[in-house]
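Have a look at the structure first.

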2 protein chains.
Amino acid sequence: MAVYTEVTDDDLARLLALYDIGTPTTFKGIAEGVENSNFLLQTTGGRFILTLYEKRVDARDLPFFLGLLEHLAARGVTCPQPVCTRDGRALAEVAGRPASIVTFLDGVWPRRPTVRHCAEVGEALARLHVAGADFALKRPNALGHRAWAPLFAQSADRADEVQPGLGPEIAAEIAAIEAEWPADLPGGVIHADLFPDNVFFLGERLSGLIDFYFACNDFFAYDVAICLNAWCFEPDFSFNVTKARAMLAAYQRVRPFEAAETAALPLLARGAAMRFLLTRLHDWLRVPPGALVVPKDPLEYFRKLRFHRSVAEASDYGLTETA
Amino acid sequence: MAVYTEVTDDDLARLLALYDIGTPTTFKGIAEGVENSNFLLQTTGGRFILTLYEKRVDARDLPFFLGLLEHLAARGVTCPQPVCTRDGRALAEVAGRPASIVTFLDGVWPRRPTVRHCAEVGEALARLHVAGADFALKRPNALGHRAWAPLFAQSADRADEVQPGLGPEIAAEIAAIEAEWPADLPGGVIHADLFPDNVFFLGERLSGLIDFYFACNDFFAYDVAICLNAWCFEPDFSFNVTKARAMLAAYQRVRPFEAAETAALPLLARGAAMRFLLTRLHDWLRVPPGALVVPKDPLEYFRKLRFHRSVAEASDYGLTETA
């Protein structure tokens with residue numbers, strides 16, 4: 001639910017003058033995404049999404065994000081494509097913010113993911129990992145495991161406002177995860193935020209992936225762990241092992257896990273839950289007056305974290321031996 | 001900025017099964033409108049807007065609103081058209097709310113209206129008034145002048161929280177306006193909410209009108225007065241008489257004012273400012289925790305109200321003798 005920046009008629013006219021995509025026929029703010037301002041922009045030249053990058057996105061990362069979209073598409077991963085200005089730039093400026101125009105992707109994101117959706121996501125994630133292997137740019141994971149302790153430090157003194165005892169449990173958990181975090185696993189470009197609202201479907205077939213603004217270099221299996229958290233829990237927080245099995249099996253048909261990845265999966269899933277718990281906690285404690293966005297409940301990921309801590313081995317996620 | 005109700009995949013599938021418009025290819029919440037939940041719905045059959053009517057809309061009024069759209073379009077006013085279900089109904093139900101699907105209208109609403117925009121709106125408003133003349137259904141103006149005192153009573157004891165002295169001044173002003181309100185003027189179906197975000201343009205030409213959910217039967221000149229308030233003030237609250245003149249002249253080329261309408265215009269403009277002041281004040285004092293919508297500043301309309309009180313006669317709005 002996000003339109004943080006107003007775009008005036010003059011702003012839009014000035015922007016479109018840089019491009020060869022005609023004149024606007026529709027311009028509507030989109031009530032999705034929590035990091036940037038997004039607009040449906042239809043012109044005489046086609047359908048596009050205009051994104052204004054708000055303060056949370058570091059403008060120096062934009063060449064990585066936009067270059068990655070082109071790299072992935074050239075290797076068969078369906079994702080929005082940056083539209084370049086007449087002088088060949090993928091980045092412009094609108095209302096004082098970095099901005100880009102990308103192609104519009106057909107599809108509907110699943111509000112209630114099914115087993116079939118989870119399988120499609122597993123396959124698409126593996127294809128993304130394979131396709132990103134030879135992408136030249138690198139971007140460290142700014143929200144990787146080493147960032148968690150400093151991020152938590154910003155909220156530690158107020159964590160118990162959300163739930164008594166939350167602060168000490170998170171602190172202990174961060175230390176425990178850190179101590180066991182794998183030194184090395186197969187890695188490369190990961191999406192790092194492949195939640196249902198970033199995956200489009202036409203019917204039951206996956207039609208594309210969007211929102212690569214957390215993409216970075218990290219372990220592939222950590223990206224899988226993020227998806228287990230994002231797709232395989234039911235609204236009552238129960239873990240649906242059928243969905244997990246479908247996701248993991250589909251992933252491995254494209255890119256089989258190494259033994260070390262399989263062994264690390266429960267820990268990586270704990271870490272993934274911690275990462276979203278921490279950013280949600282941070283945002284929850286800092287809702288500005290008159291906020292346009294209802295912050296997401298951090299406790300959802302606290303419950304997921306506790307679930308993963310109870311998992312003894314990867315087979316509990318439905319992970320079976322690869323053929 | 002409004003999506004109040006979540007629509008699940010099953011909700012959408014059940015809804016579309018009632019219609020002959022194919023399967024969804026895009027479904028996105030739109031960050032516009034403050035009364036209802038609106039979604040861009042693209043299907044294999046075309047582009048549509050799905051609206052879920054939230055509690056502020058009385059479901060018994062929906063036949064008036066939807067019938068009016070059809071009536072106006074048949075008379076050349078470009079506005080969204082209700083799409084009927086296979087069994088001929090313009091109304092359906094989604095997630096427990098009345099809902100309708102209407103055709104998608106191309107166009108961009110002007111964030112910074114120009115003199116040219118104001119002229120186009122004046123002409124379109126007059127055409128709307130003429131086209132609505134033979135619409136069979138009636139709907140009283142639920143926010144008409146008789147509603148203001150009871151509406152204000154709900155906020156009177158807290159009005160001074162917004163600005164000291166606001167309460168007594170509003171009370172006196174309502175009494176003064178009520179005492180002078182015309183008993184009779186030419187009337188019929190009015191839009192009653194024709195703000196810039198409800199008027200689409202392609203380039204400088206008006207391409208359509210949307211959001212008829214305040215439409216009702218009232219004085220035509222009151223609708224003009226609402227537009228003077230909504231279109232002819234600058235961001236610094238100064239009144240732009242060039243814009244007003246362009247709007248009024250264009251209106252009168254289609255539907256000339258009677259002498260009584262001209263005489264009443266300053267009072268009607270005060271009343272129109274009061275109407276929006278009161279609803280904004282009401283909403284301002286009742287922002288729910290975690291609100292998705294930033295309420296609009298009531299004092300904007302308080303300043304407009306004071307301006308209109310200073311107006312001696314309609315010629316101050318740039319209204320010239322009709323030919």
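Q: Into which domains is chain A divided?
A: Keep in mind that this is a predicted model. The domain assignment divides chain A into two stretches. These are domain 1 (9–103) and domain 2 (115–317).

Q: What distance separates the centres of domain 1 and domain 2 of chain A, taken over C-alpha atoms?
A: The two domains touch, with 20 residues of domain 1 of chain A and 23 residues of domain 2 of chain A in the contact. Between their centres, taken over C-alpha atoms, lie 27 Å.

Q: What share of the area buried between domain 1 and domain 2 of chain A do carbon and sulfur atoms give?
A: Putting domain 1 of chain A and domain 2 of chain A together buries about 1900 Å². Of that area, the share from carbon and sulfur atoms is 71%.

Q: How are H6(A) and H9(A) oriented to each other?
A: Helix H6 (residues 166–180) of chain A packs on helix H9 (residues 259–284) of chain A with the axes 10 Å apart. The angle is about 140°. Angles over 145 degrees would count as roughly antiparallel, so H6(A) and H9(A) are oblique.

Q: How many nonpolar residues does the contact of H6(A) with H9(A) have?
A: On the H6(A) side, the residues include Leu166(A), Ile170(A) and Ile174(A), and among those they meet in H9(A) are Leu267(A), Met274(A) and Leu278(A). One residue of this contact is polar and three are charged. The nonpolar ones number 10.

Q: How is H9(A) oriented to H10(A)?
A: H9(A) also packs against helix H10 (residues 298–309) of chain A, with axes 8 Å apart and an angle of about 165°. Since angles over 145 degrees fall in this class, H9(A) and H10(A) are roughly antiparallel.

Q: How many charged residues does the contact of H9(A) with H10(A) have?
A: H9(A) brings residues including Arg270(A), Arg280(A) and Trp284(A), while H10(A) brings, among them, Glu300(A), Lys304(A) and Arg309(A). The contact has 12 nonpolar residues and one polar. Its charged residues number five.

Q: How are H3(B) and H8(B) oriented to each other?
A: In chain B, helix H3 (residues 115–131) and helix H8 (residues 241–254) pack with axes 7 Å apart at about 30°. Angles under 35 degrees define the class that applies here, so H3(B) and H8(B) are roughly parallel.

Q: What is the handedness of the crossing of H3(B) and H8(B)?
A: The residues in contact include Cys118(B) and Leu125(B) of H3(B), and Met247(B) and Tyr251(B) of H8(B). By class they are 12 nonpolar, three polar and three charged. The crossing of H3(B) and H8(B) is right-handed.

Key
Residues are numbered from 1 along each chain as its sequence is written. Chains are lettered from A and ligands numbered from 1 in the order in which they are written. This is a predicted model: local features need pLDDT of at least 70, side-chain atom pairs count only at pLDDT 80 or more; totals for chains, interfaces and linings use all residues. Side-chain values use heavy atoms; hydrogens and water are left out. Axes are lines fitted to C-alpha atoms, for helices over the stretch in contact, and angles run from 0 to 180 degrees between N-to-C directions. Helices (H or I, at least four residues) and strands (E, at least two) are DSSP runs, numbered from the N terminus. Angles under 35 degrees count as roughly parallel, over 145 as roughly antiparallel, 65 to 115 as roughly perpendicular and the rest as oblique. Contact means heavy atoms within 4.5 Å. Ala, Val, Leu, Ile, Met, Phe, Trp, Tyr, Cys and Pro count as nonpolar, Asp, Glu, Lys and Arg as charged, and the others, Gly among them, as polar. Domain bounds come from an automatic or database domain assignment. Buried area is the accessible area (1.4 Å probe) that two parts lose on being put together, summed over both. A crossing is left-handed if the near helix is turned anticlockwise from the far one by less than a right angle, and right-handed if clockwise.
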